Amino acid sequence: MIKLNLNRMIRDFEKKEKIQGKVLEQKRTLVRYCSKAIKEIHRRKIKEAKKLIKNVETGLKKMKRYKSEFSSHIEHIEQEYAEAVLLLCVVEDKKCPIPETLKVSDISYLNGLLDAVGELRREMLDLLRDGKYEEAGRFFNAMEALYEAVESFQFSGSILPGFRRKQDVARRQIEQARSEILYAKRR
């Protein structure tokens, strides 16, 4: 009969499970802050948005120590953070930072960049509704510029997980936005 003592493994996995619970709780909080920051940017409450983004930045620094064990959770936070920062930069008409400046992975940055395209479309639609066609055009141009920057990235899902789907979504959003601008100008 074989006897195995696996108690050490049980303890290790229980410890990892506890840490995972804390990581997930913090992830939810930081992603929620990103979501709130994006809403505040849309409302032009920039000061509040910057505070939330700063909180995410601080929290993300602390979470980096878990990246080797819980990389997908950390990358999700990075992606949402990148999206919020990129949106803020476009709204403030500032230069967009690179991944190294934000201290996020390239994959998180690229996915956040493509998610920002949808938020820029929302900005554009709000401006069209208010009859601010020139400003709406600025956001449309930003959407196109973000997409064009990553258009040549044609890698498999094993290299850039989820990226191609986001690329397709962004392209559709840009095409819809182009139609919406044309329609609004004709009215």
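Student: What share of the 187 residues in the protein is buried?

Tutor: Buried residues make up 43%, where buried means under 20% relative accessible area, exposed over 50% and partly exposed in between, with a 1.4 Å probe and protein chains only. This is a predicted model, in which local features need pLDDT of at least 70, side-chain atom pairs count only at pLDDT 80 or more, and totals for chains, interfaces and linings use all residues. Residues are numbered from 1 along each chain as its sequence is written, and side-chain values use heavy atoms, with hydrogens and water left out.

Student: Why is F13 called exposed?

Tutor: The relative accessible area of F13 is 55%, and the cut-off for exposed is over 50%, so F13 is exposed. F13 sits in helix α1, residues 7–42; helices are DSSP runs of H or I with at least four residues, strands are runs of E with at least two, and both are numbered from the N terminus.

Student: How many helices and strands does the protein have?

Tutor: There are 7 helices and 0 strands.

Student: What makes the lining of the largest pocket, by class?

Tutor: The lining has 6 nonpolar, 1 polar and 4 charged residues. Ala, Val, Leu, Ile, Met, Phe, Trp, Tyr, Cys and Pro count as nonpolar, Asp, Glu, Lys and Arg as charged, and the others, Gly among them, as polar. Among the lining residues are E57, Y81, C89, T101 and K103. A pocket is an open set of points on a 1 Å grid where a 1.4 Å probe fits, with protein on both sides within 12 Å along at least five of seven lines; lining residues have an atom within 4 Å of a point.
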